[in-house]
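Visitor: Could you walk me through this structure, one question at a time?
Guide: Gladly; let us look at it together.

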Amino acid sequence: MALPQEKTYTIEDIYALPEGQRAELINGQIYDMAPSSTVHQRILMNLAGEIREYIKKHKGSCEVFPAPFAVFLNADDANYVEPDISIICDKSKLDDRGYNGAPDWIIEVISPSTARMDYSVKLFKYRTAGVREYWIVNPLKKVVQTYFFDGEEDSNAFLFEDEISAHIFTGLSIKISDLL
């Protein structure tokens, strides 16, 4: 007896969701997204602003896109994510729908309902899609886990009070506690 197969969804199913309902699509499976907390939004906006100001000050060509912003990670219709912060340096992959490819740097601010996804499913997906740097910011534990996939891979854990250096931008150092 064959086991029942899970239904596989596509980007069309994401776009067919009711107005205001947000979800992500990873390997053909839909994951609903809950509204963000106040501390989540504060970290997201201040962190995105800090990175944007660094890029502006150094006359960089990269752009910062806070959620909701569509990222089509692979050249398929089975993967669609909305990272909390996407830093994009290759603007040739931008269009009116969002970004087609792997952003250079992704930051996720987790909540209890997203922790498993951000630490496992998305970590693997972002790494294999070609994201160069990935940060997971955990407001409950006041910890930031960083991953660097470009060249020699590296992973580190930092407290909110620590200065965290970005790998893709020389000289950018951020202390999350200063953003709260």
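Visitor: Is C62 buried or exposed?
Guide: This is a predicted model, in which local features need pLDDT of at least 70, side-chain atom pairs count only at pLDDT 80 or more, and totals for chains, interfaces and linings use all residues. Residues are numbered from 1 along each chain as its sequence is written, and side-chain values use heavy atoms, leaving out hydrogens and water. Buried means under 20% relative accessible area, exposed over 50%, and partly exposed in between, with a 1.4 Å probe and protein chains only. C62 has 13% relative accessibility, so C62 counts as buried.

Visitor: And how does C89 count?
Guide: The cut-offs for partly exposed are those between buried and exposed. C89 has 24% relative accessibility, so the class for C89 is partly exposed.

Visitor: How far apart are the sulfur atoms of C62 and C89?
Guide: A disulfide here is a pair of cysteine sulfur atoms within 2.5 Å, and a search of the whole structure finds one. The link of C62 and C89 is right-handed, with 100° about the S-S bond. C62 and C89 form a disulfide with their sulfur atoms at a separation of 2.0 Å.

Visitor: How many residues apart in sequence are the parts that this pair ties together?
Guide: Helices (H or I, at least four residues) and strands (E, at least two) are DSSP runs, numbered from the N terminus. C62 lies in the loop between α2 and β3, and C89 in the loop between β5 and β6 (94-95), so the parts tied together are apart in sequence by 27 residues.

Visitor: Where do the buried residues of α2 fall, seen down its axis?
Guide: In α2, the buried residues are H40, I43, L44, L47, A48, I51, Y54 and I55, while T38 and K57 on the other side are exposed. The arc is taken from the directions from the helix axis to the C-beta atoms. The buried residues of α2 line one face of the helix, because they fall within an arc of 125°.

Visitor: Which strands do the buried residues of α2 pack against?
Guide: Contact means heavy atoms within 4.5 Å. By that rule, the partners of the buried α2 residues are β3 (63-66), β5, β8, β9 and β13 (173-174).

Visitor: Which residue stands opposite V144?
Guide: Two strands pair if DSSP finds at least two bridges between them. β10 and β11 (residues 154-159) pair in the antiparallel sense over six bridges. In β11, the residue opposite V144 is F158.

Visitor: Which strands stand at the edges of the open sheet of three strands?
Guide: The order in that sheet is β4-β7-β6, with mixed pairing. Two bridges join β4 to the parallel strand β7 (residues 98-100). One side of each edge strand is left without a neighbour in the sheet, because each has a single partner strand; the edge strands are β4 (71-72) and β6.
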